[in-house]
Amino acid sequence: MAYNILIVDDSASMRKIIRKTLSLSGFQVGACVEAANGKEALEILQQHPVDLVLSDINMPEMNGVEFLWQLRQDPRWKQLPVVMITTETSEEIVKEAIELGARGYLRKPFRPEQIRSCLTEIMGGPDAEDLARNDEGCDF
Amino acid sequence: MFFTPVEFIGELQQQPLCGCRSVIVLKNEKIYQAAFYFVDAHARMITANFLGKMEDEVSSDEVMDTLKEVANMIGGSFIYHGEMEDYKLGIPAFAWLDDQAQPNLQDGLPFFLDGDLFGLAVLTQG
């Protein structure tokens, strides 16, 4: 099964890197849509339903934590898996993201095998159990 | 994505860096500003390698965007490794430098690649 993914990051370069890393990772990606901040992501989600969201935290307009909060207020997206991709790893932010229902956390920069393990662990798949036994997946 | 280790020993040149600056703020009760100055050619090299392109294919917008992301990643790394758990990152900013806006090389930590000046890191408390 291929998953439709929304990438949310204010850096166009980083969005490109995430796309490229996803394609190198071997994770089954269907359509990929992009947004430059949380506000734009909420608008895009209205028109493009996705299976998974990869979101930065530190963004202008609406940051990743505010976006996650907004997402969880809408019954359509309450269960939508969200993985935070960020450079920030302060306990306070991680705790906030967990409480809001983030499913995982990847720290930039990351390797293709890390993103694959993390997403496979969350979305399931033939090798999800193997991946769960090693350290390559997401944090949390 | 491309990474290279920089060195902190090299010949300090007197000529200006003539490139660009990306800045990130780290906020708590105290506010720190980390500014990274890059020689133009090296800024393009970082961008090209970051995006997997040739250096002559990168646009100014891509340099700006990539160098902001570099500041963001270094700022995040400061917080992660530098016992600054309670700090939060601001939104990175970027500027091209003209001759009047050159940093004083003595004010920061110059870094080198193969002995050549690659850039300068300046941490200030504001």
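Helices (H or I, at least four residues) and strands (E, at least two) are DSSP runs, numbered from the N terminus. B:Glu7 lies in the segment before strand β1 (19-27) of chain B. This is a predicted model, in which local features need pLDDT of at least 70 and side-chain atom pairs count only at pLDDT 80 or more, while totals for chains, interfaces and linings use all residues. Residues are numbered from 1 along each chain as its sequence is written, chains are lettered from A and ligands numbered from 1 in the order in which they are written, and side-chain values use heavy atoms, with hydrogens and water left out.

B:Glu7 is partly exposed, at 33% relative accessible area (buried means under 20%, exposed over 50%, partly exposed in between; 1.4 Å probe, protein chains only). Beyond its neighbours within four places in sequence, B:Glu7 is in contact (heavy atoms within 4.5 Å) with residues including B:Pro110 and B:Phe111. The C-alpha atoms of B:Glu7 and B:Pro110 are 8.8 Å apart, although 103 residues separate the two along the chain.

Over all chains there are six aromatic pairs. Rings of Phe, Tyr and Trp (its six-membered ring) pair if their centres lie within 6.5 Å; planes under 30 degrees apart count as stacked, over 60 as edge-to-face and the rest as tilted. Two of the pairs are listed here.

| Pair | Centres | Planes | Type |
|---|---|---|---|
| B:Phe38 and B:Phe118 | 6.4 Å | 90° | edge-to-face |
| B:Phe111 and B:Phe118 | 6.2 Å | 45° | tilted |

B:Phe38 belongs to strand β2 (residues 31-39) of chain B and B:Phe118 to strand β6 (residues 116-125) of chain B, 80 residues apart. B:Phe38 is buried, with a relative accessible area of 3%, and B:Phe111 and B:Phe118 are both buried. One aromatic cluster is formed by B:Phe38, B:Phe111 and B:Phe118.
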